[in-house]
Amino acid sequence: MSQQQGLEITLEFGGGAELLFGNLKKHQVTLPACEGKWTIRSLLTWMKDNLLKERPELFIQGETVRPGILVLVNDADWELLGQLDYEIEAKDNILFISTLHGG
Amino acid sequence: MCSRNDEEDGSQSLMEGKTKLTWTEVCQKCSTEKPVIQILQIKHAYCRNCFLAHVNHKFRSTLGKSKMMKPSDVVLAAFSGSGKSNAMLHLLHAGLSEQSHKRFLFKVQVLYIDEGAILGTSLEDRTANLQAISGIIEQYGFKSYYTTLASIFEETGSKCFPLVKDSTLKIKENSEEELKNLFLNVKSLTAREDLLRQLRRKIFLQSAKELDCCKVFTANTSTDLAIHILTDVSLGRGSQMHHDVSFCDPRDASVKIIRPLLELSSKEVTYYSVFHELESIYIPSLCTKASSDSSIHNMSKQFVMELMENFPSTVSTVFRTGEKLGSTNTTNTCETEDNLCIICQMKLDVSVAACSSVQATDFSRLISSLGPAGFDNKTLSQLPDTSKGILSNQADSLLCSSSTSCCSDSDVQCGCHKDVQRLSFPDVEKLCCYGCRLIIHDMENTSSLPESILHKVRTRRSLENMRESIQDFLL
Ligand SMILES: [Zn+2]
Ligand SMILES: [Zn+2]
């Protein structure tokens, strides 16, 4: 099923991850319409091209997030939701929070 | 780990990677709510309420079973602005607001350390951070204080200041300069991070004493401590690792450093702060935006995080192992000051064995610095005094005759019959443990060390000189 309009979602960053996104903790974004469904996998690629301001290797490693960065979709652990394969829905809130900062 | 995977016939299977478990639709604790977090250490998916109860229970049981907390205790909780340290304050606050018999009886004060000077952060930004920090602490109603990293250079006067809504950062220009010099003086990021860790520890102890607190709480999680273990081993701090990662660091006689979050992972503590919508302020530190291979600490971090990702159960194995590796002769309780490292208060173990790794390192440093043709049978007796590579004894005897220049900028009387001398590398290194020596080795000169440390070197050296000079009379 293809999506005609863009997909509106909220991206949030915490624990220092926001530094790589213009020091902004909350981003309202509209993902462009695409063939098939948006997944976290394709979202990460899109973020790398459109949102990441610097040092992509500190956020993305391979096709996934750097180890130590937690991902929550609507306040739930993405590990329970299929991780990279989770299909994003309109109005989803996706939080990336880094645990790499010491005590 | 290994023993768990041993097959019956004695053969070993490969370590299990992360398996995709099929999760039930409901929380595995209450069997009614939808699960929202996967906790790998216990292979469970919990709903929000059960998870928060689990964290709270872990925190309380860690404190409870230690049997260390007394009702009369005043605890100084270290707060950095991070989600993790905010979670610690929230857990403490929850414990203090419990009903009668479950309530924590000890008192809590909060300390924030401003480290902006070493990063060159502007004074406006540092003040803004300070006020944001005070805003967070205010919600809990804890009495709070701040101090600066540079206060380590101050000899007298109070170093902790009350933190209230409109606090402005009080800094002393010259100690700030000294702190900046010290960090400029240390070349590698590895040594700088290690130095910062040792200084922070000193600040905790110094502030706790000033504020009459007998315990310091830090928000290190089991994940952080697994990283510390690998870093400690790599930095030659294996013998003190036990103190760096166990529930209580007992090195200081009057103030204990306690790690009440050590049974929780960074993931658990972070989720706790997200679910409670705890505010956090990210204050950059030395390792901010550094790549993962920029220092030993960052590499250990990357390694542990990757383990966590791919072999989650191994992280607790790293941590449990480190916790158990206390060596029998590392308890300092009955040691005198004379026997302790001047930087980290670890018992000095560096002059024991004839073939220790300390000597091997020193020797190889010396040989490497001389180059292939430089070494002959006179080398050891001709150690140049600029060479930082010390073969302790030879270098010492050389320095006794060459370092007679006066330390004009110091007014400290060392009590010995010679003039106060400029301290050489060997003088300082002799009084450091193996790990701290590596920091010193990385420095351009020793004079930028805090006066409190230099003072100890002078006192102990003059004592030694005195002992030497009266030796002939002691028969
Ligand atoms: Zn539940
Ligand atoms: Zn030391």
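**Entry 1: the model**

I am working with a predicted model. I keep that in mind throughout.

I began with the metals.

Next I looked up the geometry. For reference, I noted that the ideal angle for four tetrahedral donors is 109.5 degrees.

I picked out one pair, Cys30(B) and Cys50(B), which links distant parts of the chain, 20 residues apart. Cys30(B) belongs to the loop between helix 1 (2-5) and strand 1 (37-39) of chain B. Cys50(B) belongs to helix 2 (residues 48-66) of chain B.

Cys50(B) has 13%, which is under the 20% cut-off, so I list Cys50(B) as buried.

**Entry 2: zinc ion, ligand 2**

I repeated the search for the other zinc ion. The zinc ion (ligand 2) is coordinated by the SG atoms of Cys341(B), Cys344(B), Cys433(B) and Cys436(B). The distances run from 2.2 to 2.3 Å. The angles among the 4 donor atoms are 104 to 121°, and the site is tetrahedral.

The spacing here reads C-x2-C-x88-C-x2-C. Cys344(B) and Cys433(B) are 89 residues apart and link distant parts of the chain. I placed Cys344(B) in the loop between helix 12 and helix 13 (357-370) of chain B. I placed Cys433(B) in the loop between helix 15 (425-429) and helix 16 (434-441) of chain B. Cys344(B) and Cys433(B) are buried.

**Entry 3: helix 2 against helix 3**

I went back to helix 2 of chain B. How do helix 2 and helix 3 of chain B cross? Their axes come within 11 Å and cross at roughly 80°. Helix 3 covers residues 83-96 of chain B. I therefore describe helix 2 and helix 3 of chain B as roughly perpendicular to each other.

From helix 2 of chain B, the contact uses Val55(B), Asn56(B), Phe59(B) and Arg60(B). From helix 3 of chain B, the contact uses Leu91(B), Leu92(B) and Gly95(B). I sorted the residues of this contact by class and got 4 nonpolar, 2 polar and 1 charged.

**Entry 4: helix 11 against helix 12**

I took up a second pair. Helix 11 (residues 296-310) and helix 12 (residues 312-324) of chain B pack at about 135°, with their axes 5 Å apart. That angle makes helix 11 of chain B oblique to helix 12 of chain B.

On the helix 11 side I listed Val304(B), Leu307(B), Met308(B), Glu309(B) and Asn310(B). They meet Pro312(B), Thr314(B), Val315(B) and Val318(B) in helix 12 of chain B. This contact divides into 6 nonpolar, 2 polar and 1 charged residues.

Where does Ser207(B) lie? I found Ser207(B) in helix 7 (residues 189-210) of chain B. Its relative accessible area is 0%, so Ser207(B) is buried. Beyond four places in sequence, Ser207(B) touches Leu76(B), Leu111(B), Thr147(B) and Cys160(B). I also checked Lys159(B), 48 residues from Ser207(B) along the chain. Their C-alpha atoms are separated by 7.3 Å.

Ser285(B) lies in the loop between helix 10 (266-275) and helix 11 of chain B. Ser285(B) has a relative accessible area of 11% and is buried. Setting aside neighbours within four places in sequence, I found Ser285(B) in contact with His101(A), Glu115(B), Leu119(B), Leu196(B) and Arg200(B).

**Entry 5: positive phi in chain A**

Last, I looked at backbone angles. Most residues other than glycine have a negative phi. Asn74(A) has a positive phi, near 45°. Asn74(A) sits in the loop between strand 5 (69-73) and strand 6 (76-77) of chain A. With a relative accessible area of 41%, Asn74(A) is partly exposed.

Gln83(A) also has a positive phi near 45°. I located Gln83(A) in the loop between strand 6 and strand 7 (93-98) of chain A. Gln83(A) has 17% relative accessibility and counts as buried.

Conventions. Residues are numbered from 1 along each chain as its sequence is written. Chains are lettered from A and ligands numbered from 1 in the order in which they are written. This is a predicted model: local features need pLDDT of at least 70, side-chain atom pairs count only at pLDDT 80 or more; totals for chains, interfaces and linings use all residues. Side-chain values use heavy atoms; hydrogens and water are left out. Axes are lines fitted to C-alpha atoms, for helices over the stretch in contact, and angles run from 0 to 180 degrees between N-to-C directions. Helices (H or I, at least four residues) and strands (E, at least two) are DSSP runs, numbered from the N terminus. Angles under 35 degrees count as roughly parallel, over 145 as roughly antiparallel, 65 to 115 as roughly perpendicular and the rest as oblique. Contact means heavy atoms within 4.5 Å. Ala, Val, Leu, Ile, Met, Phe, Trp, Tyr, Cys and Pro count as nonpolar, Asp, Glu, Lys and Arg as charged, and the others, Gly among them, as polar. Buried means under 20% relative accessible area, exposed over 50%, partly exposed in between (1.4 Å probe, protein chains only). Donors are N, O and S atoms within 2.8 Å of the metal (3.2 Å for Na, K and Ca); water is not among the atoms, so sites may look incomplete. Four donors count as tetrahedral if all angles lie between 85 and 135 degrees; four count as square planar and six as octahedral if opposite donors are over 155 degrees apart and all others between 65 and 115; anything else is irregular.
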